[in-house]
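Please keep the sequence and the model in view while reading.

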Amino acid sequence: MPLYRTYKQKDLTVGVWKVDETIEQLRSMFHQFSIYEEGFERFKAEKRKLEWLAVRVLLKELLGEEKKIVYLPSGKPCLEDGSACISFSHTPGYVAVAIHPSAEVGVDIEQYGTRVQRLASRFVREDEQVSVASGDEIYALLLHWSAKETMFKLMEEEAVDFLDHLRIFPFTLQESGVMDAQEFRSSNEQKFLIHYDTHPDYVLTFACLD
């Protein structure tokens, strides 16, 4: 389907694509699929192929042209020509891409579901309990996890522990909004402003270092 949702924060653009297409339909959306052929052939599972293609289709929609994605030794994705900073994420049925012309970006999308309740002790700190108690617990927990994924993508640190090193400050859960957050892994103990959106199928978080 066409671009599902877009979000703009100054120079930051985030897009969400709902993946309804087949592999063949996604492939047909490229004019120069040859630049993606090698990467595409690495995957055997249809699910991974769909996600991989959908991310690049969405990137093309947001940029207005086809760009090749390469990966740094750390695993972080970037554009081969260095023309913008990017981040992407996927969850069953959706992919998300964030783009900024010059600042590092992070984005995460997580499917709505109750499994997160069983895992909360692994990533929710004691000083975050007030946030979890406000509003729908599942959405609040998913947002805590998703925001920490976004923070991790923005950090240049190894061995980041979501429980010990990342904190989401109390916030009032709304359909969309912002969260203040901070990391304690680096000497700078950097602070972040995380934007979020909730949807019946997912939660989305994104931020940039501008």
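A salt bridge is a side-chain nitrogen of Lys or Arg within 4 Å of a carboxyl oxygen of Asp or Glu. Asp108 is buried but has no salt bridge, because its nearest side chain of opposite charge, that of Lys153, is 4.1 Å away, and the cut-off is 4 Å. The model is a predicted one. By the rule just given, the count of salt bridges comes to 11.

- Asp108 belongs to strand β7, which spans residues 105-111.
- The side chain of Asp108 has a polar contact of 3.4 Å with the side chain of Ser89.
- Lys153, the nearest residue of opposite charge to Asp108 by side chain, is also listed among the residues closest to the centre of the largest pocket.

**Salt bridges between separate parts of the chain**

- Arg5 and Asp197 form a salt bridge through their side chains, with an N to O distance of 2.9 Å. This pair links distant parts of the chain, since Arg5 is in strand β1 (residues 5-9) and Asp197 is in strand β10 (residues 191-198), 192 residues apart.
- The two partners are described by their accessibility: Arg5 is partly exposed, at a relative accessible area of 30%, whereas Asp197 is buried, at 6%.
- Lys76 and Glu104 form a salt bridge in which the closest N and O atoms are 2.4 Å apart.
- Lys76 is buried, with a relative accessible area of 15%, while Glu104 is partly exposed, with a value of 30%.
- Asp127 and Arg167 meet through their side chains in a salt bridge of 3.5 Å, N to O. Asp127 is in the loop between α4 and α5 (129-133) and Arg167 is in strand β8, so the pair ties together parts that are 40 residues apart in sequence.
- Asp127 counts as partly exposed at 32% relative accessibility, and Arg167 is buried at a relative accessible area of 19%.

**The largest pocket**

- The volume of the largest pocket is about 360 Å³. Its lining comprises 15 residues, of which Ser74, Lys76, Phe152, Lys153 and Met155 are the closest to the centre.
- Strand β5 (85-91) and helix α6 (137-154) each contribute at least two residues to the lining of the largest pocket.
- Sorted by class, this lining holds six nonpolar, three polar and six charged residues.
- Lys76, one of the residues closest to the centre of the largest pocket, is also the partner of Glu104 in a salt bridge.

**The second largest pocket**

- The second largest pocket has a volume of about 280 Å³.
- Residues in its lining include Thr91, Glu110, Tyr112, Arg115, Leu119, Phe123 and Trp145. The elements that supply two or more residues to this lining are β7 (105-111), α4 (115-119) and α6.
- Helix α4 gives the largest share of the lining of the second largest pocket, namely three residues.
- The lining of the second largest pocket divides by class into six nonpolar, three polar and three charged residues.

**Two further residues**

- Ser146 is located in helix α6 and is buried, with a relative accessible area of 0%.
- The side chain of Ser146 is in polar contact with the side chain of Thr205, at 2.8 Å.
- Glu158 is in the loop between α6 and β8 (166-168), and it is exposed, with a relative accessible area of 68%.
- Glu158 and Ser186 are 28 residues apart along the chain, and their C-alpha atoms are separated by 9.7 Å.

Terms used:
Residues are numbered from 1 along each chain as its sequence is written. This is a predicted model: local features need pLDDT of at least 70, side-chain atom pairs count only at pLDDT 80 or more; totals for chains, interfaces and linings use all residues. Side-chain values use heavy atoms; hydrogens and water are left out. On a 1 Å grid over the protein atoms alone, a cavity is a set of points where a 1.4 Å probe fits but cannot get out, and a pocket is an open set with protein on both sides within 12 Å along at least five of seven lines; lining residues have an atom within 4 Å of a point. Grid points are joined across faces, edges and corners, and a volume is the space filled by probe spheres set on the points. Helices (H or I, at least four residues) and strands (E, at least two) are DSSP runs, numbered from the N terminus. Ala, Val, Leu, Ile, Met, Phe, Trp, Tyr, Cys and Pro count as nonpolar, Asp, Glu, Lys and Arg as charged, and the others, Gly among them, as polar. Buried means under 20% relative accessible area, exposed over 50%, partly exposed in between (1.4 Å probe, protein chains only). Lys and Arg count as positive and Asp and Glu as negative; His and the chain ends are not counted. A polar contact is a pair of N or O atoms within 3.5 Å; within protein, one must be able to donate a hydrogen and the other to accept it, and residues adjacent in sequence count only if both atoms are side-chain atoms.
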